[in-house]
Amino acid sequence: MELTPLLITNARLLGGESGSLLVVDGRIAAIDPSETPDGTETIDAKGQWLAPGIIDLGVFATDKPAFHFGGITRAALMPDAGPLDDPGLVERAAKGGKPDLWVHPVAAATKGLEGRELAEIGLMKQAGARAIATGRARISDAGVMRRVLSYAAALGLTVIAHAEDDGLTAGAVATDGEMATRLGLASAPAVAEAMAIARDMMLVEETGAPIHFRQVTTARGLDMIRAAKAKGLPVTCGITPAHLFLSDTAIGDFRTFARLSPPLRCEDDRHACLAAIADGTIDVLASGHDPRGPEDKRLPFAEAQPGMAGAETLLAMGLQLVRDGHVTPPRLFGLLAANPAKLLGVDAGRLDPGREADLILIDEGTPWQVDAKKMAAYAGNTPFDGMPVQGRATAMWKGGLRVR
């Protein structure tokens with residue numbers, strides 16, 4: 001299909017100076033062009049922000065209505081649904097968002113995500129896998145993890161790892177502390193995260209393989225990431241807004257919408273996460289989108305499944321980080337788009353000529369209230385239920401084609 005050239009004018013590029021952007025044949029052709037092709041469609045942004053579409057790294061479901069609401073043009077699908085441990089399943093998942101969403105499958109590192117036998121990683125890469133992952137859990141066997149890292153490095157893929165030592169966290173539903181004690185919940189020490197990171201860092205140092213810790217949520221874990229980066233190791237890490245804006249006090253009254261994996265941490269760890277966002281230690285801000293229906297959440301806290309519907313609140317909470325002075329707008333879209341694009345090896349995530357024209361317009365000041373009962377996601381299990389927020393995507397283009 002031939003795409004009409006598009007000119008977006010009067011836009012604040014990445015929330016900065018006003019400018020215009022030209023799209024031709026589905027790619028960004030120029031910033032502030034001096035001339036445009038015949039038949040160009042012009043859209044006046046009226047001072048709204050123009051940014052690359054969000055690339056959500058590590059979702060657990062393809063939930064297009066929620067992604068469109070949240071300004072997400074690309075979603076990296078974790079391997080747990082299925083699991084994605086077969087080339088045919090990977091190929092099918094890659095087609096799951098067409099025509100109005102890019103889905104980038106993340107293949108299972110081991111068969112059945114059981115942590116024992118390597119999956120057909122090479123064949124899954126050929127089928128469209130952009131990375132490989134351990135899934136919701138960690139690979140306990142260090143020998144298996146070493147082979148995963150070595151094989152991934154040879155194929156040019158990043159390993160996305162879960163960072164909790166299961167020997168400490170087995171059966172736990174909260175982090176050790178006053179809140180878990182008061183509620184009588186089985187809990188695990190926060191150091192379980194740093195212990196898992198420590199082992200995998202040693203294996204990375206030996207193999208030279210790139211690794212991405214999908215969520216790092218504790219001060220000790222983040223200190224280890226800083227130290228690894230200072231040594232030049234190929235390590236990145238991410239976080240979700242929940243661990244930046246909420247602490248374990250949110251699980252009071254046994255609120256299952258706040259039952260997450262990893263669990264919410266203490267206030268000191270939350271502030272350490274905010275500092276890590278500000279100083280560049282954290283590379284990716286992701287939604288952790290994992291919609292769970294009443295059958296999974298309307299249960300006693302210890303029996304409820306962890307997870308949150310995060311796609312619709314990701315942008316608004318990111319804009320709150322800007323308003324609070326933790327990040328600049330360009331840094332925010334590095335976290336939301338440029339860094340995930342680099343990790344996945346996709347030609348998007350920046351407002352650079354030649355890149356795929358995945359774009360969003362943002363009204364950063366629009367107030368709205370998060371309402372779990374009215375969310376576009378097929379389940380509204382958000383820990384931000386009832387919270388007033390500001391900012392939302394008002395238009396979205398995928399490869400130059402308007403999809404919202």
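How many aromatic pairs does a search of the whole structure find? The search finds one, where rings of Phe, Tyr and Trp (its six-membered ring) pair if their centres lie within 6.5 Å. This is a predicted model, so local features need pLDDT of at least 70, side-chain atom pairs count only at pLDDT 80 or more, and totals for chains, interfaces and linings use all residues. Residues are numbered from 1 along each chain as its sequence is written, and side-chain values use heavy atoms, with hydrogens and water left out.

**The aromatic pair**

- Phenylalanine 69 belongs to helix 1 (residues 64-70) and tryptophan 368 to strand 16 (residues 359-369), 299 residues apart; helices (H or I, at least four residues) and strands (E, at least two) are DSSP runs, numbered from the N terminus.
- Both phenylalanine 69 and tryptophan 368 are buried (under 20% relative accessible area, 1.4 Å probe, protein chains only).

**Charges over the rings**

- Arginine 392 places its charged end over the ring of tryptophan 368, 5.2 Å from the centre (NZ of Lys or CZ of Arg within 6 Å of the ring centre and within 35 degrees of the ring normal).
- The ring of phenylalanine 69 has the charged end of arginine 404 over it, 5.8 Å from its centre.

**Helices 7 and 8**

- The axes (lines fitted to C-alpha atoms over the stretch in contact, with angles from 0 to 180 degrees between N-to-C directions) of helix 7 (residues 191-207) and helix 8 (residues 219-230) come within 8 Å and cross at roughly 25°.
- Helix 7 and helix 8 are therefore roughly parallel (under 35 degrees).

Key. Angles under 35 degrees count as roughly parallel, over 145 as roughly antiparallel, 65 to 115 as roughly perpendicular and the rest as oblique. Rings of Phe, Tyr and Trp (its six-membered ring) pair if their centres lie within 6.5 Å; planes under 30 degrees apart count as stacked, over 60 as edge-to-face and the rest as tilted. Buried means under 20% relative accessible area, exposed over 50%, partly exposed in between (1.4 Å probe, protein chains only).
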